[in-house]
Amino acid sequence: MEPSLELDLQIPGRGARLAGLHAALREAIASGRLAPGVRLPPSRELAARLGVSRNTAVAAYERLASEGWLESRGSAGTFVAELPRAAVQVSDRASVAPWADSRWLRGGLAVLPEPVAPGPVPALAFTTGVPDVSAFPFDVLRRLQTRALQAAAREPASYAHPQGLPALREAIAGHVSAARAVACTADDVIVTAGAQQAFDLIGRVLVAPGRTLAAVEDPGYPPLRAALAGAGARLQAVPVDREGLVVQALRGQAQIVCVTPSHQFPLGVAMSLPRRRDLLRWAAERQAVIVEDDYDGEFRFTSRPLDALKTLDRDGRVFYVGTLSKSMLPALRIGYIVAPAWARDALVVARQAADMGAPALMQAAVAGFIAEGHLLRHVRRMRAEYAERRRVLMQAITQHLGRRAECHPAIAGLHLAVALDVDCAELARRAWAAGVAVEPLSRYRLAAGADEPGLVLGYGSIAAARIPEAVRRLAGVLGTL
């Protein structure tokens, strides 16, 4: 970082200038105005800027270094040291804004579970929700980004519409119509910063704080729960069985029902067609709406995919949420909502208020990627690859874990849930120490006391050749419990 000291350092005009400069710099560091790692100007430049002698500047730097506030890195210069948090003056919220009482400030809205153990993730990692990017056609996306930049250079400067570029909305509408049988047009699509922003916008538009009851799957997806709870919704945990969300367990006053029908997260089951119809009927009778999270529906390995809930919806009750994080790249942060007409304008206004819309250059590149058929070809390649990894994983589980493990039925997606007869939180911690990263199913539970022992094994980012060794090590750890 280039040296910069655009601070108003108050030092005496005469007299104890060394003490004044030392105190001013120390206060700037302690208050956080000079952050750890900031490079300070050379002593000669500092002296000239502040009107003090160079000897005074050198002495101030040396005293601060001896006290641990600064560190010298030789020819690289003088830098603000990394300090324990206790050494930095931090105001307490209660002393600054005692009236602030949001759910976010009160805590308890963790978006993602805490890591299983401290330290770097082991090399053998069954990471959930992460695709393999090694086979992604980066050269194609780079070409399309260049084309988007060249087009932008020829046009007047402007902001993209918060609903999303028309070309991208049209491409997404065509993709979900062909791949997921969701009948829609570009007008129905709202581009978001990943699925998470879609959940946030839906919460902003639909939730009346403290009054709206949102039913969520248990186990389920914590970031979705956090978005709704952050908007002020009350949450109802609804159990999941081998046919998906148990409709009979829904409370009559629930106004929003959130489901992952194509590949339940994290158990992996697909909601049966009768259960889908029951859910739509239930929502119609109670004037409720449904949020359908179709996060990895493209990766289905056997049989014809069931129709999306949105496909079966005839009343405009389903908000269909999709993402390109699994089918393309998580780094894109592009998702979308296929929204009922009655809520579309409100969602667009909420998106505008949140961030004015997604970066237009990346939207244009992704629109070309889909329109030219690259997404479809990539999904087909990766579907075959993930199917092989799933086969290898299930074979390894049978071979190494035997009767102690039972795979939940799943024919889609990038992960597999496995039921076990041990304390899986402890198993995950010991496996981490043995060089294998796994996640206990309990991390995705909402209701207290509703746990069932199990693991969630993501195979999106682990090569098929490494899966048998990872499961063999896991079996070794399991034998110690």
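Colleague: Why does arginine 333 count as partly exposed?

Modeller: Arginine 333 has 40% relative accessibility, and partly exposed is the class in between buried, under 20% relative accessible area, and exposed, over 50% (1.4 Å probe, protein chains only), so arginine 333 counts as partly exposed. Please keep in mind that this is a predicted model, in which local features need pLDDT of at least 70 and side-chain atom pairs count only at pLDDT 80 or more, while totals for chains, interfaces and linings use all residues. Residues are numbered from 1 along each chain as its sequence is written, and side-chain values use heavy atoms, with hydrogens and water left out.

Colleague: Where is arginine 333 found, and what is the value of its phi?

Modeller: Arginine 333 is in the loop between strand 11 and strand 12, where helices (H or I, at least four residues) and strands (E, at least two) are DSSP runs numbered from the N terminus. The phi of arginine 333 is near 55°, which is positive although the residue is not glycine. Methionine 356, in the loop between helix 12 and helix 13, also has a positive phi, near 70°, and with a relative accessible area of 43% methionine 356 is partly exposed.

Colleague: What makes the aromatic pair of phenylalanine 136 and phenylalanine 369 stacked?

Modeller: Rings of Phe, Tyr and Trp (its six-membered ring) pair if their centres lie within 6.5 Å, and planes under 30 degrees apart count as stacked, over 60 as edge-to-face and the rest as tilted. A search of the whole structure finds eight aromatic pairs. In the pair of phenylalanine 136 and phenylalanine 369 the centres are 5.4 Å apart with 20° between the planes, and the pair is therefore stacked. Phenylalanine 136 lies in the loop between strand 4 and helix 6, and phenylalanine 369 in helix 13, so the pair ties together parts that are 233 residues apart in sequence. Phenylalanine 136 is buried at 5% relative accessibility, and phenylalanine 369 is buried at 0%.

Colleague: Why is the pair of tyrosine 221 and phenylalanine 265 called edge-to-face?

Modeller: The distance is 5.4 Å centre to centre and the planes are 80° apart, so the angle falls in the edge-to-face class. Tyrosine 221 is partly exposed, with a relative accessible area of 29%, whereas phenylalanine 265 is buried, with 7%. Both belong to one aromatic cluster, together with Phe199, Tyr295 and Tyr444. A cis peptide bond joins phenylalanine 265 to proline 266, with omega about 10°, and another cis bond, with omega near 10°, runs from aspartate 218 to proline 219.

Colleague: How do you know that leucine 112 is exposed?

Modeller: The relative accessible area of leucine 112 is 57%, and leucine 112 therefore counts as exposed. Leucine 112 lies in the loop between helix 5 (103-106) and strand 4 (124-125).
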